[in-house]
Amino acid sequence: MVKYFTIKPTAFTWEKEIKKSRFILNMARITSENDARDFIEKINKIHYKASHNVFAYVLGDNDSIKRYSDNGEPSGTAGIPMLEVLQKNDLHDVITVVTRYFGGIKLGAGGLIRAYAGTIAEGLESIDFVERLTRLQVTISIDYKHGETLNYWLNSHNYQIIDTQYDTNVHVVVPVSEEDLTKFQSDLMNQFSGHILFDIGDETYFEIPVK
């Protein structure tokens, strides 16, 4: 089963100060190298007065594309440590740019590695992750009077509701793994005494928030 971790599509910014230098993390989700280049250019324009705008990004389910730049920092002290943080967190399709405004105190090679890697690592603690999983799209149809009970059951069993539509019945769409499908249907049939219908759709990608 193919799955990966990434971030929500909205761009993210986080900042810290280390020995009077400002380190500003900007992160976004990307689908191509053009996206990555556009994001880097955007940050460079915003922070054109900064000492450095260091980037690292990963693309593809298996990180088939990996790029980084030290942007004037000593070789190996910025881009590579940032890239390693992304990979250790199993993140994919993500661009990160860490901007540094030099504060007058040199950090040394070790200090720079900790600063750039730490800025991403600490920033990630405040960001929303999602996990992409391959799931069957299952539409459940049920009478209105059972709608709230169905929602409660799904939430309590950790099934994410993707969509809800209404006509003569309530139709709830949830992603279900193929190996769980039989038990999923059986449990709900028992819960609602058979007064429930299932439409099993195609296998597709769903993105589930990571708690």
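Modeller: Before we start, two strands pair if DSSP finds at least two bridges between them; strands (E, at least two residues) and helices (H or I, at least four) are DSSP runs numbered from the N terminus. This is a predicted model, with local features needing pLDDT of at least 70, side-chain atom pairs pLDDT 80 or more, and totals for chains, interfaces and linings using all residues. Residues are numbered from 1 along each chain as its sequence is written, and side-chain values use heavy atoms, without hydrogens and water.

Colleague: Happy to begin! What is the order of the strands in the open sheet?

Modeller: Five strands form this open sheet, with antiparallel pairing, in the order 2-3-6-4-5. Pairing on one side only marks the edge strands, 12-18 and 65-69, which are strand 2 and strand 5. Read across, then, the order is 2-3-6-4-5.

Colleague: Which strands does helix 3 touch?

Modeller: Helix 3 (residues 108-124) packs on the sheet, its direction making about 50° with that of strand 3. Angles run from 0 to 180 degrees between N-to-C directions of axes fitted to C-alpha atoms, for helices over the stretch in contact (heavy atoms within 4.5 Å). Helix 3 touches strand 2, strand 3, strand 4 and strand 6.

Colleague: And Asn 53: is it buried or exposed?

Modeller: Asn 53 lies in strand 4 (residues 52-59). Beyond four places away in sequence, Asn 53 touches residues including His 47, Asn 71 and Val 98. Its relative accessibility is 8%, and the cut-offs are under 20% for buried, over 50% for exposed and partly exposed in between (1.4 Å probe, protein chains only). Therefore Asn 53 counts as buried.
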